Amino acid sequence: MEQSGQRRFISRQLWWTIILIIVIVGASLFAIQKDKKDTSKDNSNNNQSQTDQQEESCSKGSVVFTAEFTDFSKIDAFQPIGSITGASRGRSYITISKGETVPVYAPMDANLVSIIYAFRGAGAERGEYGFKFNAGCDTTFLLDHLDSISDELSKYAPAEPSTSTATNDSLSIPIKAGTLLGYSDGTAQGRTFDFLVTDSNLNTFHIKPSRWEWEQSLYSVCPYDLFTKDIKTKYYQKIGLSSDTGFIKAESCGQITYDIAGTISGGWFLDDKSTDMDGEFLLIGATFSQVDLVVKNDSEKTNLRITDYSPKVLPKDVLVGQSVCYKGFSNDWVYVHLIDTDTIEIKNGNGSCPTLFSATGAKKYYR
């Protein structure tokens, strides 16, 4: 009987020991699993916090140009963006003082993604350089028409100039603000080099958005607005045009859309399929109190161009049913008639402007 009691006692002790072990192991496993969940939650919160901070930073405009990009003393003018008669509506053309050559620097810490080295214009004997950067926050900038490249960057550039000016974005080179890119004495035609900034977060107004496909028509911004306050104030003193009569100061840094509903101002297209990248389109607007009108096709070839330096009526004031004749410097003219809010017709010729508009032989364009 005594041995049987001892066996029962030992059996009960062993049973309680096993239960205690199970409870301890279970509690440990629960604690470990809880810790994993808490750690995962913390990591998720941290990642989300970092994402929120990045998005908040971009939304506040984290792209800031901190360094001057050229020798200000040798610049005659920083032209506003939105040129109607120029090759690019998004670029600011920087006019270099006659006989000068200027250095060109990176305006901020950014990633160099492409170096262009290409012949520019028919019969060009030498290539010119262009530098495209990714500034982050869906913003890029391009400094173009440089005659030479710095020793530091020459090893990344093509050895021979190309006939194409397309960028391939195959590079990824961190560049510090103030880094010398090269030198420019400007283009042969206008002593200019180019500054283009695009921000794909923009939503530029157009009456018919589907007509506009070129990124420069959609996302271009004024380069000088991105500089720190002191540099921006300094640069704004020279935003304007350099002319034979002197510097003409602009009222603003320009615009890339000229669309004004119910007027002739803005973009017009030859047919239903035409866009600013495919087909023929007409662009008309006022800059510096002058009126510019240009007709281009999909290859950016100019079919018609005129600038009236003394317009009697600005495009924004020509309403439905009204007509206006604009006269160019070379005795050429374009007569414009607004049929309705979505239809315009034009005629052009040489000599004196006709007294009245005649629809005979006129060409129609549409919003």
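Which residue takes a positive phi in the hairpin of E18 and E19? In that hairpin, which has four residues between the strands, Asn331 takes a positive phi near 70°.

## Basis of the report

The structure is a predicted model, in which local features need pLDDT of at least 70 and side-chain atom pairs count only at pLDDT 80 or more, while totals for chains, interfaces and linings use all residues. Residues are numbered from 1 along each chain as its sequence is written, and side-chain values use heavy atoms, with hydrogens and water left out.

Helices (H or I, at least four residues) and strands (E, at least two) are DSSP runs numbered from the N terminus. Two strands pair if DSSP finds at least two bridges between them. Strand E18 (residues 323-327) pairs with E19 in the antiparallel sense over five bridges, and Val324 has Val336 in E19 as its bridge partner.

E19 and strand E20 (residues 343-350) also run antiparallel, joined by eight bridges. Leu338 has Ile344 in E20 as its bridge partner, and the hairpin from E19 to E20 passes through two residues. Strand E19 (residues 332-340) is mostly covered, as seven of its nine residues are buried. Buried means under 20% relative accessible area, exposed means over 50%, and partly exposed lies in between (1.4 Å probe, protein chains only).

## An open sheet

Three strands form an open sheet in the order E3-E9-E7, with antiparallel pairing. Its edge strands are strand E3 (102-105) and strand E7 (148-149), each of which pairs on one side only. Two bridges hold the antiparallel pairing of E7 with strand E9 (residues 180-184); Ile149 has Gly182 in E9 as its bridge partner.

## Positive phi in loops

Most residues other than glycine have a negative phi. Cys137, in the loop between strand E5 (127-136) and strand E6 (139-146), has a positive phi near 55°. Asp169 is not a glycine either, and its phi is about 50°. Asp169 lies in the loop between helix H2 (151-154) and strand E8 (173-175) and is partly exposed, with a relative accessible area of 38%.

## Salt bridges

Side chains of opposite charge can pair when their charged atoms come close. A salt bridge is a side-chain nitrogen of Lys or Arg within 4 Å of a carboxyl oxygen of Asp or Glu, and the whole structure holds 15 of them. In one, the side chains of Arg367 and Asp259 meet at 3.3 Å, N to O. Arg367 lies in the segment after strand E21 (363-366) and Asp259 in the loop between strand E13 (246-249) and E14, so the pair ties together parts that are 108 residues apart in sequence. Arg367 counts as buried at 5% relative accessibility, and Asp259 counts as buried at 9%.

Lys74 and Glu100 form another salt bridge (3.8 Å, N to O). This pair links distant parts of the chain, 26 residues apart: Lys74 is in the loop between helix H1 (2-59) and strand E1 (75-78), and Glu100 is in the loop between strand E2 (92-96) and E3. Lys74 is partly exposed at 26% relative accessible area, and Glu100 is partly exposed at 31%. A further salt bridge joins Lys316 and Asp317 (3.2 Å, N to O).
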